[in-house]
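Here are my notes on this entry. Please read them alongside the coordinates.

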Amino acid sequence: MKRLNPLFDTDSYKVSQFAQYPFGTTKIYSYFESRLGEGFEKIVFFGLQYIIKNTLLQKITHADVDFAKQFFNAHMGVFNEEGWRYIVDTHNGYLPLQIKAVPEGTVLKRGNVLITIESTDPNVPWLPQYIETIIVRNWSMINVATISYNMKLILLKAYELSSDESAKDAVLFKLHDFGSRGAYSQEAAGIGGMGHLVNFMGSDTVASILYAQDTYNTNDMLAYSIPATEHSSITSWGQNGEKSAFENMIKTYGGKTPFLAMVADSYDLEYAVKQIIGVELKDLIINCGSTVVVRPDSGVPKESVLKCLKWLSDAFGYTVNSKGYKVLPSCVRVIQGDGITMESLPDLVQFITGAGYSIDNVAFGMGGGLLAKHDRDTFRFAQKCSYIEIDGVGSEVRKIPKTDMTKASKGGKLKLVLEDGEYITVKDDGKDGRVDQLQVVYYFNAKYGHTEPLFNKTTFQEIRQRTGTW
């Protein structure tokens, strides 16, 4: 099925809302935010460019309106044919809107305005809320970028505590995206995985790299991976052939790639690490020219990782760095890819360093915890109308529910300004002279001579730099 254009990419009930606003309404203005609540204090804004490029820039045609008329009248008995014909005839099928947003990659506290949307043609003022469904889906990309960013902060602190390596460089490959198979669809994997690439350069989600290259117009390789076994490529040799499977992997890729990874829990993790890797293949590993990364994939993560570190230390030795932490020789490392979430990773990192091992020794793979185990309510995303003009006269609009004041919305037109280095949201009433940090990313009104929407793009490199962790 082809991608739906904005006419169809909405919630059914919104089709009826064009007739629900006060008579004489000429403008609707809405905003999008991550409301205050539990969890991380700050979020990383990311992903709007994908939504604009792939959905909002699609032209609507009279053929679309013909089909929509048939579909929605059958579906719910309502359709705004006049409004959509007007958009096709007057605006060549593009949405007459202005969308402003904080630059992608910006890190800011929750509770601030992230996006504003307003109609630019008084004949179709209902458009900002019609596309709410599209805009609010930005949550998924922001979620992953935010989770990944906060995990990066944890790992950066661990490097500063326990490593002699340059934290900003070394951390880039310490959290790997293993989430593709746990995502709802290819698009979910692609757009979610892009959020991880904002912070790290390790990923097995191929779709995320291709989606990011397309969305941000680059041919740069934004993430990397390594040769790695899975259980099938070990167990196909039989239990008595586990050593042969490991040996084949090392001889096939050793010296050809900087790293190679081998899952070691197919049968007996302790035997595989202590005996096969630590004794029988020790010399081969030392001399193979690559770092062999051992992957325990079952058991309690803290126990499995610490045991592997101890067994590898006993077999290959270790040095103590200037900060007093143990570092394995460069020929062996450990990766933990099972059970990693935004809750478990900080505890596991602390456990490893608390046991006297540098974070140099371990990398992590994050699957469902990165791309799937969160939703729109994790960071409480919402779009709300905050301003309306009726017969050209503007007034504030607010939601103030007594049953849950945490859902109270903002009123009036809004701007995002800097105060003492922090972003804060204020009313855009002409009285605050500070520069609005929200930038126009989409603008269109054919009545002003535009033939296609203004679409202000950013680059992936700019996004990464804005996070302040590169």
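Is Asp-420 buried or exposed? Point 1 takes this up, after a word on provenance. This is a predicted model, where local features need pLDDT of at least 70 and side-chain atom pairs pLDDT 80 or more, while totals for chains, interfaces and linings use all residues. Residues are numbered from 1 along each chain as its sequence is written, and side-chain values use heavy atoms, without hydrogens and water.

1. Asp-420 is exposed, at 78% relative accessibility (buried is under 20% relative accessible area, exposed over 50%, partly exposed in between; 1.4 Å probe, protein chains only). Asp-420 sits in the loop between β15 (414–419) and β16 (422–427). Its phi is positive, about 55°, although it is not a glycine. Most residues other than glycine have a negative phi.

2. Asp-391 also has a positive phi of about 55° and is not a glycine. Its loop links β13 (381–390) and β14 (393–396). Asp-391 is exposed, with a relative accessible area of 61%.

3. Strands β13 and β14 belong to an open, antiparallel sheet of seven strands, ordered β14-β13-β1-β5-β3-β17-β18. Strands (E, at least two residues) and helices (H or I, at least four) are DSSP runs, numbered from the N terminus; pairing takes at least two DSSP bridges.

4. Five bridges join β1 (25–34) to β5 (113–119), and the two run antiparallel. Glu-33 stands opposite Val-113 in β5.

5. Helix α1 (48–56) lies across β3 (97–101), β5, β17 (439–443) and β18. Helix α6 (139–162) lies across β1, β5 and β13.

Terms used:
Contact means heavy atoms within 4.5 Å. Axes are lines fitted to C-alpha atoms, for helices over the stretch in contact, and angles run from 0 to 180 degrees between N-to-C directions.
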